[in-house]
Amino acid sequence: MSLRELSPVPFSMAGIFLGTLLPMALVVAIFMDGSWTFNENSLSDLGVSDNPTVANIFNSVCMFGGVLMAIVGLGKVNLGKDLDRTSGICLVIGAVFLFLVGVFPKDQLAIHICVAMVFFSMTTAAVLTSMVSDYRNKRRLSATISSILLVISLAAIPGFSYKGLEVIGFVCMYIWFLVQGFSLTFSNHYEQ
């Protein structure tokens with residue numbers, strides 16, 4: 001059986017899990033930390049929390065999220081065409097760097113910043129190319145939601161520190177993964 005013959009379900013479930021379970025794990029880590037404050041702390045501060053359980057949760061979420069993100073990216077590569085494949089390739093590359101965010105926590109600052117920046121850059125490229133592809137392929141709901149999430153992210157820039165913007169970006173990213181997960185399952189515009 002070739003990859004093209006695979007059902008979209010495993011790829012879409014990875015997106016749905018990424019968009020739902022991982023944010024819940026991060027919320028648990030934030031509450032367990034007790035000292036984490038929105039717009040004052042970065043999410044990466046959780047990876048070096050004084051509470052070792054919180055640090056383990058955050059770093060594990062990044063690594064597990066990287067695996068799920070790579071699965072979604074492979075789904076877009078295998079089920080899509082043109083820009084969907086480009087978006088999928090960007091996701092797979094970004095996934096490697098999300099995994100590395102968990103491997104190199106913030107106490108290894110130089111490496112951590114590099115891997116985090118590549119992760120955010122590749123994810124942004126994936127979202128933008130996917131948004132254009134969704135629009136061109138008449139997946140209007142996905143394109144509209146992606147556009148709204150992009151506007152929210154951009155509108156937040158003047159009002160928040162980079163630490164707050166990181167959180168807003170993550171929330172938007174998780175919503176986008178949830179939408180992409182459903183799109184992979186229910187859109188008849190992906191090659192089957």
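Reply: Gladly! Let's start with the element names: helices (H or I, at least four residues) and strands (E, at least two) are DSSP runs, numbered from the N terminus. This is a predicted model, where local features need pLDDT of at least 70, side-chain atom pairs count only at pLDDT 80 or more, and totals for chains, interfaces and linings use all residues. Residues are numbered from 1 along each chain as its sequence is written, and side-chain values use heavy atoms, with hydrogens and water left out.

Me: Thanks. How do I read a pocket, and which helices each supply at least two residues of the lining of the largest pocket?

Reply: The general idea comes before the case. Rolling a probe the size of a water molecule over the atoms shows where empty space is left. On a 1 Å grid over the protein atoms alone, a cavity is a set of points where a 1.4 Å probe fits but cannot get out, while a pocket is an open set with protein on both sides within 12 Å along at least five of seven lines; lining residues have an atom within 4 Å of a point. Here, α4, α5 and α6 each supply at least two residues of the lining of the largest pocket. The largest share, 10 residues, comes from α4.

Me: How much space lies in the largest pocket, and which residues lie nearest its centre?

Reply: The largest pocket holds about 780 Å³ of space, where a volume is the space filled by probe spheres set on the grid points, and points are joined across faces, edges and corners. Its lining has 27 residues, with Phe 120, Thr 124, Leu 165, Glu 166 and Gly 169 nearest the centre. For classes, Ala, Val, Leu, Ile, Met, Phe, Trp, Tyr, Cys and Pro count as nonpolar, Asp, Glu, Lys and Arg as charged, and the others, Gly among them, as polar. By that scheme the lining has 17 nonpolar, 8 polar and 2 charged residues.

Me: And what lines the second largest pocket?

Reply: The second largest pocket has about 180 Å³ of space. Its lining consists of Gly 19, Pro 23, Leu 26, Val 27, Ile 30, Leu 43, Val 167, Phe 170, Val 171, Tyr 174 and Ile 175. The classes come to 10 nonpolar, 1 polar and no charged.

Me: Which helix gives the most to the lining of the second largest cavity?

Reply: That is α2, with 4 residues. About 40 Å³ of space lies in this cavity, lined by Leu 22, Leu 26, Phe 58, Val 61, Cys 62, Gly 65, Leu 98, Phe 170 and Tyr 174. Two or more of these residues come from each of α1 (9-33), α2 and α6. The lining has 8 nonpolar, 1 polar and no charged residues.

Me: Let's turn to packing. At what angle do the axes of α5 and α6 cross?

Reply: Axes are lines fitted to C-alpha atoms, for helices over the stretch in contact, and angles run from 0 to 180 degrees between N-to-C directions. Helix α5 (residues 140-155) and helix α6 (residues 162-186) have axes that come within 10 Å and cross at roughly 175°. Therefore α5 is roughly antiparallel to α6; angles under 35 degrees count as roughly parallel, over 145 as roughly antiparallel, 65 to 115 as roughly perpendicular and the rest as oblique. In the contact (heavy atoms within 4.5 Å), α5 uses residues including Ile 145, Leu 149 and Ile 152, and α6 uses residues including Ile 168, Cys 172 and Trp 176. By class, this contact has 9 nonpolar, 5 polar and no charged residues.

Me: One last topic, the loops. Is Lys 138 buried or exposed?

Reply: Buried means under 20% relative accessible area, exposed over 50%, and partly exposed in between (1.4 Å probe, protein chains only). Lys 138 is exposed, because its relative accessible area is 55%. This residue sits in the loop between α4 and α5, and its phi is near 60°, a positive value in a residue other than glycine. Asn 39, in the loop between α1 and α2, also has a positive phi, near 75°. At 26%, Asn 39 is partly exposed.
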